[in-house]
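Subject: Structure handover

Hi,

Here is the structure I promised to pass on to you. Have a look at it first, and then read my notes below.

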Amino acid sequence: MPKLKLKDKKASCQYGNYCRYYGYRNPDNEDNRLKVLAERPDLFNNKDVLDIGCNIGHVTFSVARDFGAKSVVGMDIDRKLINIARKNVQYYINDTAQSSSHLSPKKDFDLRNRNDSNCDNVTELLPMQHCPTKSVSNTLYEQFPFNVSFVQGNYVLESDLLLSLETCKFDVILCLSITKWLHLNWGDDGLKRAFKRMFAQLRPGGILVVEPQPWKSYGRRKTLTETICQNYKNILLKPPMFTDYLLNEVGFANCETLSMPHNPSKGFQRPLKLYRKPDILVTSKD
């Protein structure tokens with residue numbers, strides 16, 4: 001049997017961290033996932049949101065600017081993408097109606113004051129890296145662009161033991177088109193740990209939004225690295241099993257499937273699934 005040839009030249013994107021991801025996903029500059037999510041205005045309004053695998057921040061900025069979120073944290077494992085996201089804020093300000101004075105591009109603010117470029121400790125992930133000064137109202141800091149921040153790091157914890165250190169800090173967590181990459185790089189155990197961390201970080205009644213890639217798409221990336229190759233062979237928790245695992249093992253109360261966002265490419269036509277954490281957590285008695 002011939003030896004499997006690994007695609008070493010593409011290993012730099014082994015986490016799905018493609019620099020031009022949104023360019024080929026949304027060739028017409030329209031992300032129809034946002035249109036589907038916009039049909040649920042209650043989902044983000046005045047909520048604290050975490051966007052895992054945010055890439056260059058397109059969805060992160062849109063939720064912060066257009067959906068009324070109180071705060072949005074974009075997180076990605078790739079520091080270069082995070083740096084690009086931080087620079088991209090100006091484009092989203094320029095696209096905003098100039099009638100709101102605090103959104104004017106002439107406003108003297110520096111987003112770096114809210115984003116510590118050396119912050120890698122995602123176990124301490126917080127919506128705001130710095131507290132607002134007394135001269136600026138808290139209301140202003142809940143308005144775009146002051147309600148958005150970015151952090152670089154790996155969301156998959158090194159051990160299940162670290163899950164006990166997590167606290168409820170978000171109302172909504174976005175997990176869009178990243179389950180495959182978590183799965184391939186860290187296997188079943190890593191993906192399960194990530195799902196459990198999402199549950200732990202959500203407040204009671206919070207929502208996890210998942211856009212899972214289909215199993216057939218895994219095979220096209222199975223030779224990126226040796227680790228991915230081995231993990232692919234050992235995966236037992238296939239995407240069709242995610243809902244059962246999240247409801248019966250992790251503890252989510254229910255699952256709702258939203259309408260399928262349209263995309264010119266069938267490969268990007270994936271369902272959006274909403275998993276709700278119970279309003280009251282039931283703890284076992286000794």
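**The sheet and its surroundings**

Strand β5 (residues 202–211) and β7 run antiparallel, joined by four bridges. Before I go on: this is a predicted model, in which local features need pLDDT of at least 70 and side-chain atom pairs count only at pLDDT 80 or more, while totals for chains, interfaces and linings use all residues. Residues are numbered from 1 along each chain as its sequence is written, and side-chain values use heavy atoms, with hydrogens and water left out.

Helices (H or I, at least four residues) and strands (E, at least two) are DSSP runs numbered from the N terminus, and two strands pair if DSSP finds at least two bridges between them. The open sheet has seven strands in the order β3-β2-β1-β4-β5-β7-β6, with mixed pairing. β3 (148–152) and β6 (254–257) each have a single partner strand, so one side of each edge strand is left without a neighbour in the sheet.

**K277**

K277 is found in the segment after β7 (273–276). Its relative accessibility is 1%, so K277 counts as buried (buried means under 20% relative accessible area, exposed over 50%, partly exposed in between, with a 1.4 Å probe and protein chains only). A polar atom of the K277 side chain lies 2.7 Å from the backbone oxygen of F199. K277 also lies over the face of F199, at 4.6 Å from the ring centre; a charge sits over a ring if NZ of Lys or CZ of Arg is within 6 Å of the ring centre and within 35 degrees of the ring normal. Likewise, the charged end of R197 sits over the ring of Y155, 4.5 Å from its centre.

**Aromatic pairs**

The structure holds 10 aromatic pairs. Rings of Phe, Tyr and Trp (its six-membered ring) pair if their centres lie within 6.5 Å; planes under 30 degrees apart count as stacked, over 60 as edge-to-face and the rest as tilted. F61 and F150 have ring centres 5.2 Å apart and planes at 65 degrees, so this pair is edge-to-face. With F61 in helix α3 and F150 in strand β3, the pair ties together parts that are 89 residues apart in sequence. Both F61 and F150 are buried. W215 and Y232, by contrast, are stacked, at 5.1 Å centre to centre and 0 degrees between the planes.

Best wishes

Note on methods. A polar contact is a pair of N or O atoms within 3.5 Å; within protein, one must be able to donate a hydrogen and the other to accept it, and residues adjacent in sequence count only if both atoms are side-chain atoms.
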